[in-house]
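User: I would like to learn how to read the packing features of a model. Please take me through them one at a time.

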Amino acid sequence: MDSVENRAAAGDEDVSLVGLQQEALIHGSMNFSSSGIQATLNNLSMWLVAVVFGIVFLWRHDIEILWATSGGVLNVYLSTLLKNILNHERPVPTLRLDPGMPSRHAQSIFYTVAFCIISMVKYFGFNGITAITSALFFAMGSYFSWLRISQRFHTLNQVAVGAVLGFCFSIFWFLLWDAIVMKAFIAHFWVQIVAVVGAAGSCVGFLLHVIRNWVHDHQH
């Protein structure tokens with residue numbers, strides 16, 4: 001009788017164990033699926049920045065968009081320079097070899113966010129539609145920047161600093177255009193040549209930078 005009861009108890013334990021294993025597999029697959037989507041979106045973030053500039057360039061195809069793109073390239077170089085100066089460790093140093101402060105992704109994303117907001121307000125005025133669209137751009141930029149934290153490439157501080165720097169540098173770059181560069185561009189032919197050649201070279205450099213980072217991310 002005891003033997004039958006022991007086998008029954010053992011059977012119940014086996015069923016419970018199988019149930020726990022199945023539950024763990026289900027939760028594990030859900031977590032894997034979620035992290036997989038976030039990792040994919042994170043890898044696409046810099047490509048989205050390039051696509052935004054490409055779409056606006058095709059829409060406007062003027063010197064101001066070339067100026068904005070060249071500013072995006074300088075923004076990346078500024079981030080790289082600050083990384084080397086601050087030499088701030090990433091939350092998981094083995095994921096990336098370079099320092100983490102500030103987040104280059106967040107800095108580039110929020111440079112683009114500010115660029116989109118400024119362009120919309122400048123050409124369509126500030127109204128309900130541009131206000132809602134600007135809020136959506138800001139929310140999307142925040143989400144893609146947060147992915148750098150969720151994927152453990154950066155700390156919150158590293159992403160926050162990158163976002164603030166990118167947003168502020170974008171505003172400065174547009175103010176510089178409106179206050180100085182545009183007037184000089186209109187008044188002097190040599191400025192037009194330098195601006196067009198320099199901005200076009202920056203566009204190519206920006207594209208190569210995105211491709212290089214994409215290859216680097218998939219090699220590590």
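**Aromatic pairs**

User: How many aromatic pairs does the count come to?

Analyst: Rings of Phe, Tyr and Trp (its six-membered ring) pair if their centres lie within 6.5 Å; planes under 30 degrees apart count as stacked, over 60 as edge-to-face and the rest as tilted. By this rule there are 10 aromatic pairs. In one of them, Phe 110 with Phe 138, the ring centres are 5.3 Å apart and the planes lie at 80°, so this pair is edge-to-face. Phe 110 belongs to helix 3 and Phe 138 to helix 4 (residues 128-150), so the pair ties together parts that are 28 residues apart in sequence. Helices here are DSSP runs (H or I, at least four residues), numbered from the N terminus.

User: What should I know about the model and the numbering?

Analyst: The model is predicted: local features need pLDDT of at least 70 and side-chain atom pairs count only at pLDDT 80 or more, while totals for chains, interfaces and linings use all residues. Residues are numbered from 1 along each chain as its sequence is written, and side-chain values use heavy atoms, with hydrogens and water left out.

User: Is Phe 110 buried or exposed?

Analyst: Buried means under 20% relative accessible area, exposed over 50%, and partly exposed in between (1.4 Å probe, protein chains only). Phe 110 has 6% relative accessibility and counts as buried, whereas Phe 138, at 40%, is partly exposed.

User: Which residues have the most contacts inside the largest nonpolar core?

Analyst: In soluble globular proteins, nonpolar side chains tend to be buried together. A nonpolar core is a set of buried Ala, Val, Leu, Ile, Met, Phe, Trp, Tyr and Cys residues joined through side-chain atoms within 4.5 Å. The largest one has 15 residues, and those with the most contacts inside it are Ile 63, Trp 67, Ala 68, Tyr 111, Phe 115, Trp 173 and Trp 177. Helix 2 (63-86), helix 3 (104-124) and helix 5 (156-187) each give two or more residues to this core, and helix 5 supplies the largest share, 6 residues. Another core, of 9 residues, lies apart from it and includes Ala 106, Phe 110, Val 113 and Phe 144. Ring pairs also link Trp 67, Tyr 111, Phe 169, Phe 172, Trp 173 and Trp 177 into a cluster.

User: How many residues of helix 3 are buried?

Analyst: Helix 3 is mostly covered, with 16 of its 21 residues buried. Gly 125, which follows helix 3, has a positive phi, near 80°.
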